[in-house]
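Welcome! Have a look at the structure below, and then we will walk through two parts of it together.

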Amino acid sequence: MFHSITRRQCLKTLALGAALGPRFSSHAEEAKPNIVFILVDDLGWMDTGCYGSQYFETPHIDRLAAQGMRFTDAYAACAVCSPTRASILTGRYPARIGITDWIRAGFQGGAGSTAAEYPTAYVGTPKEAVLCPPNPFWLKHEERTIAELLKEQGYTTCHIGKWHLGSEQWYPETQGFDYNIGGCDYGQPPSYFDPYKNNRLANIPTLPPRKEGEYLTDRLGDEAVAFIDAHADKPFFLYMANYAVHTPLQGKPDLVEKYTKKEKTQQSHPIYAAMVQSVDECVGKIMRVLEEKGIADNTLILFTGDNGGLSDGNPAPTNNQPLREGKGYPYEGGIREPLIVRWPRRIKAGTLCDTPVTSVDFLPTLCEAAGAALPADRAIDGLSLMPLLRKEGEWTREAIFWHFPHYRYCTDPYSIIRQGQWKLIKRYGQGTMELYNLKEDLSETTDLATEKPDIVNTLNERLQAWLQETGAKVPIPNPEYDPLAK
C-alpha cells in the first residue's frame with residue numbers, strides 16, 4: 001500500500017547504533033528517537049476530552065495526554081493555517097518569513113509554478129482605512145525546514161495530509177521530505193470521501209483514489225501506519241498533518257448518527273464531532289503500530305493544532321468557551337491550542353505545564369531531541385521545550401508575538417504581544433489598543449487599556465521593537481479611504 005502512493009523513492013538513510021537501554025540519557029551512542037508530529041487543522045482548545053470537552057470523544061488523544069505532558073497555554077503562531085504551518089517547519093515567526101495569511105491555491109487565484117517572485121504591492125479598497133501587505137504564494141526554498149535538518153541526522157522524512165504552503169514547485173518533496181502523501185496547495189480537501197472530488201476539483205493530486213467512499217482521515221491514518229511499518233528499523237520523522245477538522249464538514253454516517261443522538265453540551269455539532277472522533281481514531285492507529293513494532297518508548301509524539309476552532313457559522317462547528325471567539329480572531333479562541341508531548345524516556349507521564357509556548361518552539365525542540373544543530377545563518381525565534389518537558393534547566397522567554405496585517409474574519413489587521421499575564425492587541429485600521437489580564441480574565445471580557453496606560457505603552461514599545469527586528473510588513477494609511485464607501 002505504502003509504496004504505491006509515494007511521489008519519489010526514499011533516499012538512503014544512515015544506519016544507527018544500538019537500541020536504547022531501559023533508561024534514557026544524553027549519550028551520543030544511543031539511538032535517535034523517532035518523531036511523530038500530529039497536526040490537526042482548525043482544532044479548538046476545547047475540542048478534546050483531556051481539555052474539557054464533554055461532547056467530543058477522544059480516548060486515544062486523552063491517553064496520549066495521560067502518558068505525557070499537556071500544555072495549558074500553548075499557542076499557534078497565527079489564527080489561520082499557512083503562517084502557523086510555516087512557523088512549525090522553520091522555527092521562525094510568520095512576520096519574519098513574510099507568510100502572514102493563508103496561501104491561495106492555484107484554483108483560488110494563487111500563483112502557479114511559473115510565478116517568479118513574491119508579490120509586493122499593498123492591497124486595499126476605499127472602504128478600508130489601511131492598505132495591507134500582500135501575502136506570498138509559497139514557503140521559500142531558502143528556508144530551512146525541520147525535515148531538511150532531520151534528514152542530515154539520518155532521518156527518513158514523510159509528510160502526510162495537508163501542506164498548503166505552495167503549489168507543485170514548492171510541495172513537501174522540495175522542502176526536505178522523502179515522501180509526500182496527500183500534500184498539495186489545497187487548504188481543504190474537495191471532499192472527505194474517496195475519490196475526494198467536488199464540482200470544482202477532480203481529486204487530491206498527490207493522493208490517488210483507493211476505495212470509493214473511503215473516509216479521508218481513515219486513509220491518511222492507514223498511510224501513516226504503512227510508513228511506520230516500513231521504516232521502524234531506523235529513525236524517522238512523520239509529519240501527520242490532518243486535513244480534518246477543516247471544512248467541508250463531512251463525517252462518517254455512523255458516527256454522525258451517534259452524535260446526533262448524544263446529549264449536547266456547549267458543543268453540539270454532530271458532523272464536527274464525528275470528524276473529531278475520526279482524528280482520534282487516526283491517533284489510535286499510530287499509537288498502536290508504534291507499540292506493535294516495539295518502538296513506542298523511543299518515539300517522541302507531539303500533538304497540536306494550527307489555529308483556533310472555527311466559531312463562525314450557524315451552527316458553528318465548535319464552541320471555544322471559556323475562550324473568546326475562534327479561528328481568525330486575535331482573542332484566545334483564535335490562537336490558543338491543545339499541545340501534548342509524549343516521550344516516555346524523557347517526559348514524566350501525566351504532567352501539566354502552564355508556561356506560554358508557541359509553534360515556533362517545535363523546530364528547536366525536535367532538533368535538540370534528534371541531536372541536530374540549529375541553522376547558524378539566520379534568526380530562529382523558537383526555544384527548545386526540553387527544559388519544560390524535563391522540568392529542569394532555564395526557560396528564558398519573556399514575551400510571545402503575533403502579526404496578522406490583513407482584513408479578515410470581520411476584524412481589523414492586528415498585532416499582538418503576550419508578556420506574562422498581560423496581552424495587548426494593536427489594531428491598525430481603528431488605531432486602537434486592547435489590554436487583557438489573562439490570569440484574571442481568560443475570556444477577555446474586560447478591556448483594561450484605558451485603566452492601565454503605562455502597561456499599554458510598555459507593551460506597545462516592546463511590540464514595535466519586535467516588528468522592526470523581524471522586518472514585519474505593517475499596514476499603511478490608505479490615501480483613498482472613504483468611510484462612507486460600501
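Leaving aside neighbours within four places in sequence, Asn135 is in contact with Gly98, Ile99, Thr100, Asp101, Trp102, Ile103, Pro119 and His406. Keep in mind as you read that this is a predicted model.

- To find Asn135, look in the loop between β3 (130–131) and α4 (146–151).
- Is Asn135 buried or exposed? Its relative accessible area is 13%, so Asn135 counts as buried, the cut-off being under 20%.
- Two of the residues in contact with Asn135 are Asp101 and Trp102, and both also make polar contacts with its side chain.
- For Asp101, the backbone oxygen sits 2.8 Å from a polar atom of the Asn135 side chain.
- For Trp102, the backbone oxygen lies 3.4 Å from a polar atom of that Asn135 side chain.

**An open sheet of four strands**

- Now turn to the four strands that make up an open sheet, which follow the order β11-β12-β13-β14 with antiparallel pairing.
- Which strands are at the edges? They are β11 (399–404) and β14 (432–437), and each of these pairs on one side only.
- From one strand to the next, the twist averages 10°.
- In general, strands of a sheet pair through backbone hydrogen bonds, and the pairing can be parallel or antiparallel.

**Where β13 meets β14**

- How many bridges join β13 to β14? There are six, and β13 (residues 422–427) runs antiparallel to β14.
- You can trace this pairing at Arg427, which stands opposite Thr432 in β14.

How values were computed. Residues are numbered from 1 along each chain as its sequence is written. This is a predicted model: local features need pLDDT of at least 70, side-chain atom pairs count only at pLDDT 80 or more; totals for chains, interfaces and linings use all residues. Side-chain values use heavy atoms; hydrogens and water are left out. Two strands pair if DSSP finds at least two bridges between them. Helices (H or I, at least four residues) and strands (E, at least two) are DSSP runs, numbered from the N terminus. Axes are lines fitted to C-alpha atoms, for helices over the stretch in contact, and angles run from 0 to 180 degrees between N-to-C directions. Buried means under 20% relative accessible area, exposed over 50%, partly exposed in between (1.4 Å probe, protein chains only). A polar contact is a pair of N or O atoms within 3.5 Å; within protein, one must be able to donate a hydrogen and the other to accept it, and residues adjacent in sequence count only if both atoms are side-chain atoms. Contact means heavy atoms within 4.5 Å.
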